[in-house]
Amino acid sequence: MTNNYNPEVNAGVHANIGMDFQKNCTIYLFLEKYHHLKNQKYFIILEHLEDIIFGYLDNPTELSKIETYQAKKSSSKWTNSGVLGIIKKITETGQSILNDPHPKTNDFDQENFFVTNNTIELKCKVNKQWNVCLINESTENLRYSELDQNLKNKVEKGSLDINFTPENISNLDTLNFRFIDLGRTPKAQLEQLNGKFVSVFGNNITDHLAALQTFYYALVEIEREFNQGNVAKLSDNKKRIESSEIVSIINVLTNKKKAFDFWREKKDELCQELNINLSEVTMFELHYENSFDKFKDIKESEHQKIFEFVSKNKGIFKSYITDRTCIAHFHSKFNKEKSSTLSKLQLKATIAAAYIEVKNIL
């Protein structure tokens, strides 16, 4: 297999302007596919062989399917002249994926998409009659193979500037045209995506906007990574966010919701068991909520120590039938065996948070 050397492969990383649409489109596609993806092993890549790549793994090492998306926003409809160059680039991407050395299953499949938030209009004139195909909100997805043959002939004929080689034409069968109903501005797109998070996750997440922002910045991190040696490889882990990482992000968000529900339901019982007076309740709640983020922060050694203590002693769960008495036991045991620089109130809140975090993953 040959490596796909391209000195321009990092151009998108250097020019990190106007890329909100690609990231927002990625989130849109992820949410659209979520109920299918959550049972899959997959990865997402940005700014690589293509703007967006979803890779599906049949086993830990072999790819069973690749979906690529060249994502372009537009304030006006796309016509033949604007689409030809994009189509040629997509056919080249399809060949690059075939050439990529990443192991693939025997029935490996790929689909390559031109995705946009405006109408795509393909047309040609035959015997003085216009043959027109529109991809928009009424026909959101259309495979190239489904196009009228006259339109295919028009595309494959190319133009003065764009010539389709036999290899390009052989890769056209994987091409799809896709319309997505995303707003024209980043603000409008984020508002739509926030609503889509609500639709997909409902009451399983407390703060859907925070969920959206968390996912967005996870994509920013991989987008900023350079393709090493100006060679784009599907196996480049620095450019990939794996399904396991995404599951962790979703689990943090859903576990926070469970933790907040737990506090609302058990507030009075916990305050009584841990001897928290009325003047301390608000501060306890703040420490409790902050602990979930601090458990993930390597700089917060005290919180990590407490979480590790509860996790290592999770056998205690089997000895109790109520949450309040079990948390009290963890608090008592920690004070006997360990020490902490946290205040007494913060320690109680952190142990309660570690308790519910560990309980959620049992």
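Strand β4 (104-116) is mostly covered, with 10 of its 13 residues buried. Here, buried means under 20% relative accessible area, with exposed over 50% and partly exposed in between (1.4 Å probe, protein chains only). The structure is a predicted model, in which local features need pLDDT of at least 70, side-chain atom pairs count only at pLDDT 80 or more, and totals for chains, interfaces and linings use all residues. Residues are numbered from 1 along each chain as its sequence is written, and side-chain values use heavy atoms, with hydrogens and water left out. Helices (H or I, at least four residues) and strands (E, at least two) are DSSP runs, numbered from the N terminus.

**Strand β4 and its partners**

- β4 runs parallel to β3, and 9 bridges join the two; strands pair if DSSP finds at least two bridges between them.
- The bridge partner of Y69 is F113, in β4.
- β4 is also joined by 5 bridges to strand β8 (residues 175-179), again in parallel.
- T116 has F179 of β8 as its bridge partner.
- A right-handed β-α-β unit is formed by β3, helix α3 (residues 80-99) and β4. Right-handed means that, with the strands pointing away from the viewer, the path from the first strand over the helix to the second runs clockwise.

**The nonpolar cores**

- A nonpolar core is a set of buried Ala, Val, Leu, Ile, Met, Phe, Trp, Tyr and Cys residues joined through side-chain atoms within 4.5 Å.
- The largest such core has 39 residues, of which I27, F30 and F54 touch the most other members.
- Among the elements that give two or more residues to this core are α2 (20-37), β3 (63-72), β4 and α8 (243-273).
- Helix α2 supplies the largest share of this core, 9 residues.
- F30 touches L37, Y42, F54, F215 and I246, not counting residues up to four places away in sequence; contact means heavy atoms within 4.5 Å.
- A second, separate core of 32 residues includes L270, C271, Y288 and I327.

**Helix α2**

- Because 14 of its 18 residues are buried, α2 is largely enclosed by the rest of the structure.
- α2 bends by about 40° at L31, the bend being the angle between axes fitted to the seven residues ending there and the seven starting there.

**Confidence**

- The mean pLDDT (the predictor's confidence in each residue, from 0 to 100) of the protein chain is 89, and 93% of its residues reach 70 or more.
- Confidence is lowest in helix α1 (residues 11-14), at a mean of 41, and highest in β8, at 97.
- Residues 9-18 have pLDDT below 50, and this stretch has 18 contacts in the model beyond near neighbours in sequence.
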